[in-house]
Amino acid sequence: MTESGVLIHGIDEAGYGPLLGPLVVARCDAVSVAPPRGRRPRGKTRVADSKRMNIPAMEAAVLGALAAAGEGAPRTLEDWLRRDGRPALIAALDELPWYRDRDLRLPRFASEADCSAAAAAAEEGRLIPGLRIEGFALRVLPESSLNASFERTGNKHATLFAEVVDLVDAVVVRGGARRIVVDRLGGRRYYADALAASFPFVPISPLREERAESRYRCEFPAADLDIAFRVKADATAPEVSLASMAAKYTRELLMDLFNRYWTRECPALRPTAGYHEDGQRFLADLRATGGDVEAAIRVMMRRR
């Protein structure tokens with residue numbers, strides 16, 4: 001059992017594999033507390049691997065957790081995206097016409113009642129027993145930014161790892177002893193060299209490098225970091241589950257904008273989730289409309 005007061009963070013992504021749409025990496029920030037008595041909530045008010053939840057339930061849990069953290073729930077998509085914190089994101093989104101309508105009202109998929117129920121569960125410590133949620137941070141890469149990153153790194157995994165490191169660095173600068181769990185990135189098992197390259201002059205000690213988990217201690221001047229890259233952490237570590245939900249929720253909101261734009265422009269088009277097979281279908285249908293769409297397709301298609 002984790003002692004009370006430990007600073008805990010979970011990190012996961014959504015959109016690593018698709019052909020269309022953004023990549024989103026999310027971090028959930030929490031503090032360990034004594035779990036309350038009573039059972040963990042079920043049904044609509046719960047936290048789990050995002051692949052096992054529907055979008056309304058994810059939205060309710062994420063917005064409810066944020067409201068309970070005292071920051072107030074975002075009222076629009078633009079408000080939510082401010083958790084990325086980088087002015088370059090807004091500039092990149094403004095360049096893509098399908099992401100300009102960011103005054104989309106939230107909640108988008110869930111009811112206000114379900115969001116309020118999730119907020120109450122979080123306030124009472126029942127959303128994730130043993131953790132008090134402190135907030136979320138995002139790193140959002142729309143298609144143009146993602147392709148530019150691929151050009152710089154030459155490697156899809158390197159692009160994702162750079163965003164994870166950015167989220168890690170943002171909590172390291174706050175100091176203190178922190179525990180971070182990252183859903184393992186693909187099949188990679190060894191991270192010591194990559195961490196050393198990202199944090200030069202920081203002593204890094206492998207604590208475990210096994211099939212299920214690779215774990216390291218990083219001794220920063222003002223922070224002592226325990227970071228683990230764990231297989232299926234989104235299903236076993238609740239802080240990672242909630243990060244997974246936040247990332248997937250963000251991507252779903254942006255894909256909602258994407259589909260609304262293109263179905264307005266070409267009413268015969270069917271929406272897409274952006275994954276490879278359906279993404280190819282969407283592009284074929286878009287070309288079949290006979291419009292001048294090739295320039296847009298060159299921007300929206302991922303190069304890796």
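In this predicted model, phenylalanine 201 counts as exposed, because its relative accessibility of 87% is over the 50% that the term requires. Phenylalanine 201 is found in the loop between helix H7 (192-198) and strand E5 (204-209), and its phi is near 70 degrees, a positive value in a residue other than glycine. A positive phi is also found at lysine 232, where the angle is near 55 degrees and the residue is again not a glycine. Lysine 232 lies in the loop between strand E7 (223-230) and helix H8 (233-236), and with a relative accessible area of 61% lysine 232 is exposed. A further backbone feature is the cis peptide bond that joins leucine 106 and proline 107, with omega at about 0 degrees; proline 107 is found in the loop between H3 and H4.

Salt bridges were examined next, and their count comes to 23. Arginine 102 forms one of them with glutamate 78, the closest N and O atoms being 2.5 Å apart. This pair links distant parts of the chain, since arginine 102 is placed in the loop between helix H3 (87-94) and helix H4 (112-123), whereas glutamate 78 belongs to helix H2 (residues 77-81), 24 residues apart. Arginine 102 counts as buried, because its relative accessibility of 7% falls under the 20% limit.

Another salt bridge is formed by glutamate 163 and arginine 86, whose closest N and O atoms are 3.3 Å apart. Glutamate 163 lies in helix H6 (residues 156-172) and arginine 86 in the loop between H2 and H3, so the pair ties together parts that are 77 residues apart in sequence. The two partners are assigned to separate accessibility classes: glutamate 163, at 10% relative accessibility, counts as buried, while arginine 86 is partly exposed, with a relative accessible area of 27%.

Helix H6 also carries aspartate 166, the side chain of which meets that of arginine 139 in a salt bridge with an N to O distance of 2.6 Å. Because arginine 139 lies in strand E3 (residues 131-141) and aspartate 166 in helix H6, the pair ties together parts that are 27 residues apart in sequence. Here aspartate 166 counts as partly exposed at 29% relative accessibility, and arginine 139 as buried at 9%. Elsewhere in the chain, salt bridges that share partners join Arg270, Asp278, Arg281 and Asp285 into one network.

A polar atom of the asparagine 147 side chain lies 2.8 Å from the backbone nitrogen of arginine 303. When neighbours within four places in sequence are left aside, asparagine 147 is in contact with Val299, Met301, Arg302 and Arg303.

Glycine 274 lies in the loop between H9 and helix H10 (276-288) and is buried, with a relative accessible area of 0%. The C-alpha atoms of glycine 274 and proline 18 are separated by 5.6 Å, although these residues are 256 residues apart along the chain.

The structure holds one cavity of 30 Å³ or more, and about 30 Å³ of space lies in the largest cavity. The largest cavity is lined by Ala122, Gly125, Leu127, Ile128, Leu131, Arg132 and Ile133. Strand E3 gives the most to this lining, with three residues, and by residue class the lining of the largest cavity divides into five nonpolar, one polar and one charged.

The largest pocket has a volume of about 200 Å³. Its lining comprises 15 residues, of which Glu13, Ala14, Gly15, Ser50 and Lys51 are the closest to the centre of the pocket. Strand E1 (7-14) and helix H9 (238-265) each supply at least two residues of the lining of the largest pocket, and E1 gives the most, with three residues. The residues that line the largest pocket divide into four nonpolar, four polar and seven charged.

Technical notes: Residues are numbered from 1 along each chain as its sequence is written. This is a predicted model: local features need pLDDT of at least 70, side-chain atom pairs count only at pLDDT 80 or more; totals for chains, interfaces and linings use all residues. Side-chain values use heavy atoms; hydrogens and water are left out. A polar contact is a pair of N or O atoms within 3.5 Å; within protein, one must be able to donate a hydrogen and the other to accept it, and residues adjacent in sequence count only if both atoms are side-chain atoms. Contact means heavy atoms within 4.5 Å. A salt bridge is a side-chain nitrogen of Lys or Arg within 4 Å of a carboxyl oxygen of Asp or Glu. Helices (H or I, at least four residues) and strands (E, at least two) are DSSP runs, numbered from the N terminus. Buried means under 20% relative accessible area, exposed over 50%, partly exposed in between (1.4 Å probe, protein chains only). On a 1 Å grid over the protein atoms alone, a cavity is a set of points where a 1.4 Å probe fits but cannot get out, and a pocket is an open set with protein on both sides within 12 Å along at least five of seven lines; lining residues have an atom within 4 Å of a point. Grid points are joined across faces, edges and corners, and a volume is the space filled by probe spheres set on the points. Ala, Val, Leu, Ile, Met, Phe, Trp, Tyr, Cys and Pro count as nonpolar, Asp, Glu, Lys and Arg as charged, and the others, Gly among them, as polar.
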